[in-house]
Amino acid sequence: MAGFDVSPRVAAAIKAFTVPERLGFGAVWAPVMFSAHCREGRWGRGELLPYGPIEILPGARVLQYGELVFEGMKAYCVGREWPNLFRARDNWQRFARSAERLSMTPVPEDLFFEALDAVAGACRPFIPNATGRSLYLRPFLYGAETGYMLRNSTEFRFMVIANPVESYASGPMRVAVERSDVRAAVGGVGTAKASANYAASLRASSAAAARGYTVALWLDAREQRYIQELSGMNLFAVIGGELHTPELDGAILAGITRDSLIQLARHLGLKVHERRIAIDELLAQVSSGACEEVFACGTAAIVSPISVLADRDGREYTPKTIDGVAARLREALLAIQERRAADPFGWTRDVAPFTATI
Ligand SMILES: *Cc1c(COP(=O)(O)O)cnc(C)c1O
């Protein structure tokens, strides 16, 4: 007997769902979602529901004050009967840390996994069996209590929605260095996976897109000199055959892909440096060829090559190698994620079998 309820409408929703040929990233919504409420610190029983609109009062604090944290993770089912997750406990821990930063009640580990297992288990027939494809899982937690009081909510809703996806980025990314807006400052919420960080980044992202770039590259808030990250991905540079990535400065989001690449690269015999990287130094090194390659990483795109770094003055800097070390690391990481290779780090875990009757 599952520890959650299954709506009688779930079976019909699953039956009616067909997976389109083209998935994109976040264009196709899985037909089920998980929901649980927390009131006065107590979590109620979870529910598996058909994907659809939810009720929310206009005065809810998530709408008025942006009380919302989320996670992004994937379930893979490549050449196997049953899906597996990747470093899911690290996602849960980060989810809890994000919640604490926003003074929200964290989701307990067992509820988090119950929800993931329920959604991934129910979606099992739709998880693409093709390398690079997966079921993207999006857990989120929001403040559901109404009111303008300047204190934390006492009512929260935890949900998990999902999307069958292709890998996020198609082709190398063109990156625009953002020299005016700031994504996150030390002491702020940059280290939390809070939707507020995305809100802060959208103006620069749109401006970058309007100039023909894929994404904005953020600098530190104090001096606007040191590289932080892209809006939703961490950054690596290859300099003299060694990896360099900005050290976690108290404003950068600690990506699980970033950490996985650091461990994996060292395992493969590559040197990795976590340090402050000045943007002007990196651009000069790309210019001179001392920096041969730049790439980004995150759950959605895994490892994505960067073909151009553009400064505010319009100058473009093109690394001489595009997708060299990046391709090697992407393939090595993806093979572990998809369980096509041995997992010496113990990073993967099976989705728990779905026991409820739908
Ligand atoms: C989610 C996210 C990342 C990547 O984190 P992963 O755990 O690797 O998916 C990087 N930067 C920001 C701002 C993010 O929100």
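**Disulfides**

I looked for disulfides (pairs of cysteine sulfur atoms within 2.5 Å) and found that the structure holds zero. This is a predicted model, where local features need pLDDT of at least 70 and side-chain atom pairs count only at pLDDT 80 or more, while totals for chains, interfaces and linings use all residues. Residues are numbered from 1 along each chain as its sequence is written, and side-chain values use heavy atoms, leaving out hydrogens and water.

**Ligand**

Next I turned to the ligand. I counted a residue as near if one of its heavy atoms lies within 4 Å. Of the 15 residues around the ligand, Lys 193, Tyr 198, Glu 229, Thr 257 and Thr 299 come nearest.

I then went through the polar contacts, pairs of N or O atoms within 3.5 Å. Glu 229 has a polar side-chain atom 2.5 Å from a ligand nitrogen. Thr 257 places a polar side-chain atom 2.6 Å from a ligand oxygen, and a side-chain N or O atom of Thr 299 is 2.6 Å from an oxygen of the ligand. On its own the ligand has 380 Å² of accessible area, and the protein covers 97% of that (Shrake-Rupley method, 1.4 Å probe).

I sorted the shell by class and got four nonpolar, seven polar and four charged residues. Tyr and Cys go with the nonpolar class here, and Gly with the polar one.

**Cavity and pocket**

I searched the whole structure and found one cavity of 30 Å³ or more. On a 1 Å grid over the protein atoms alone, a cavity is where a 1.4 Å probe fits but cannot get out, while a pocket is an open set with protein on both sides within 12 Å along at least five of seven lines; lining residues have an atom within 4 Å of a point.

The largest cavity has a volume of about 80 Å³. Its lining includes Met 73, Phe 86, Thr 257 and Thr 299.

The second largest pocket holds about 250 Å³ of space. Among its 15 lining residues, Val 186, Asp 220, Tyr 226, Asp 249 and Arg 276 are closest to the centre.

Conventions: A polar contact is a pair of N or O atoms within 3.5 Å; within protein, one must be able to donate a hydrogen and the other to accept it, and residues adjacent in sequence count only if both atoms are side-chain atoms. Grid points are joined across faces, edges and corners, and a volume is the space filled by probe spheres set on the points.
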